[in-house]
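I opened this notebook to look up the metal sites. Here is what I noted, entry by entry.

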Amino acid sequence: MVYDLTVADESVLRCGICFLPLKPPIFHARYKDALYAVGHALCSSCSNRLKNARKCHLCHVAMPDGYQRCHALEDVVNSIHGPCPHAPYGCDTRPTYHAREEHLLQCPHAPCHCPGSNACSFVGPVATLIKHLTAAHGWSCTAEACDGASFGVYLRDGFNFVTTVRGSAHYTSSY
Ligand SMILES: [Zn+2]
Ligand SMILES: [Zn+2]
Ligand SMILES: [Zn+2]
Ligand SMILES: [Zn+2]
């Protein structure tokens, strides 16, 4: 880490057309005139759709060679990392801006709401939830907390089963 950096304008990290976070490969408009060497950036699928374009999508400056790969910007987006929003729940992953959504979908520290009863307001990561189910609701749980292995949580009161695979995106529940 260099020091505490702030990105003042989040849009510079997004595609100028679809507004999704830019991730490699990134393309930009390259102008004939070297004075305008830094072109407006766009993602690979948008540049693919506009591969016959000869004017920048944003400022309409002529670009005789079309959109070109921009390695400098790729290095920039790959070097910007931020904390996971679940850091308060124990996640110490710092995904890049463009990998944030993907990480959130599989963050093992994502808080879960207690399925116990409407009156229960417990929210916490899976491991803590399991302890909570036993401690607060007296449900018998079998858990094997080991990476790559799945563990079953067997609940009473109308719940048939909850299967949670640690460290991956597979959370299934059936009731
Ligand atoms: Zn795009
Ligand atoms: Zn432009
Ligand atoms: Zn996380
Ligand atoms: Zn509860």
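Entry one. I began with Cys107, which counts as buried at 1% relative accessibility (buried is under 20% relative accessible area, exposed over 50%, partly exposed in between, with a 1.4 Å probe and protein chains only).

Entry two, on what I am working with. This is a predicted model, where local features need pLDDT of at least 70, side-chain atom pairs count only at pLDDT 80 or more, and totals for chains, interfaces and linings use all residues. Residues are numbered from 1 along each chain as its sequence is written, chains are lettered from A and ligands numbered from 1 in the order written, and side-chain values use heavy atoms, without hydrogens and water.

I looked up which protein donors hold the zinc ion (ligand 3): Cys84 (SG), Cys91 (SG), His103 (NE2) and Cys107 (SG), at 2.0 to 2.3 Å. Donors are N, O and S atoms within 2.8 Å of the metal (3.2 Å for Na, K and Ca); water is not among the atoms, so sites may look incomplete. I found the donor residues spaced C-x6-C-x11-H-x3-C. Cys84 is also buried, at 3% relative accessibility.

Entry four. I turned to the zinc ion (ligand 1) and found Cys15 (SG), Cys18 (SG), Cys43 (SG) and Cys46 (SG) as its protein donors, 2.3 to 2.4 Å away. Their spacing in sequence reads C-x2-C-x24-C-x2-C.
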